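Morning, everyone. I have one structure to walk through today, so please bring it up on your screens.

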Amino acid sequence: MSSDVLDSKSMVPDHGGVAADDNAFSFFWRFLNNPMKIGALRPSSQKLCRATLEAVDLKRRRNIVELGPGSGVITRHILSALKKEDRFFAVEIDGAFYRQLRVRFPETAVFHDSAENIPFLLERQKMRKMDAVISGLPWTLFPDRLSRDILRKVSENMSEDGVFVTLCYWHAQYLPTGLRLKRLLQDYFGQVEMTPTVWSNVPPIFLFRCGKSTVR
Ligand SMILES: C[S@@+](CC[C@H](N)C(=O)[O-])C[C@H]1O[C@@H](n2cnc3c(N)ncnc32)[C@H](O)[C@@H]1O
């Protein structure tokens, strides 16, 4: 799907009606429209955004990709931390979120596409390897095949000392879905760490921080 394709079925009004901010109501509205794709009732809290950036240590990264940015709450933090020489793009499957991101960050490369197409998008952006991949993807809603496909492509297209971070609800680590995600990550990354939990996020969340061999 091209980055210019818009989702005409979206119920969130375009532009003027699209919240170009971290509006929790518009996020909830998207969730009601497509719960099996969005996977969360509200955007990440500011504290979680900061924890995500800390886990990635952006100062050391050059080629940065975000998967499943939603309304762009983490994107905003990433963009304000980028250095002049850094390169960044985001991939969002939901049409209304995609439009919102385009309005909110007109200078930024955002693709209306699925994370499965990461190799194609990297080629299109002439980005050879990713140094940091920040994922908000709702793994628990994905079939095993899709999760494996995306994780394999991320791992294959990540630099040797790159980092991949993905959000996980604190309670999920004790449930089959969370245990399955951890096992999947261990299948594709040599090192899988858990960051401290952000308790003030509703619900509490931590990040899995993964590297091909060791995470640096
Ligand atoms: C739980 S929300 C996270 C939103 C945001 N990162 C945050 O932290 O508030 C998951 C996002 O992933 C997107 N998504 C789901 N499947 C996707 C896919 N295959 N490729 C790209 N984005 C996807 C959803 O549309 C949604 O915006």
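Let's start at Glu-116, in the loop between strand S3 and helix H6 (118-124). Helices (H or I, at least four residues) and strands (E, at least two) are DSSP runs, numbered from the N terminus. This is a predicted model: local features need pLDDT of at least 70, side-chain atom pairs count only at pLDDT 80 or more, and totals for chains, interfaces and linings use all residues. Residue numbers start from 1 along each chain as its sequence is written.

The cut-offs: buried is 20 or more other C-beta atoms within 10 Å of the residue's own, exposed is 12 or fewer, partly exposed is in between, with C-beta atoms placed from the backbone. Beyond neighbours within four places in sequence, Glu-116 is in contact (C-beta atoms, placed from the backbone, within 7 Å) with Leu-146, Asp-149, Ile-150 and Lys-153. Ser-147 is 31 residues away along the chain, and its C-alpha atom is 8.9 Å from that of Glu-116.

Next, the strands. Five of the six residues of S2 are buried, so S2 is largely enclosed by the rest of the structure. S2 runs parallel to S1 (residues 63-67), joined by five bridges; strands pair if DSSP finds at least two bridges between them. Asn-63 stands opposite Arg-87 in S2. From S1 the chain crosses through H4 to S2, a right-handed β-α-β crossover. Right-handed means that, with the strands pointing away from the viewer, the path from the first strand over the helix to the second runs clockwise.

S2 also pairs with S3 (residues 109-112), parallel again, over four bridges. Here Ala-90 stands opposite Val-110. The chain goes from S2 through helix H5 (residues 95-104) to S3, and this β-α-β crossover is right-handed.

Now the ligand. It is surrounded by 22 residues (C-beta atom, placed from the backbone, within 6 Å), the closest being Ala-40, Ser-44, Gly-68, Gly-70 and Gly-136. Helix H2 (35-38), helix H4 (73-81) and strand S2 (87-92) each give two or more residues to that shell.

Note on methods:
Two residues are in contact if their C-beta atoms, placed from the backbone, lie within 7 Å.
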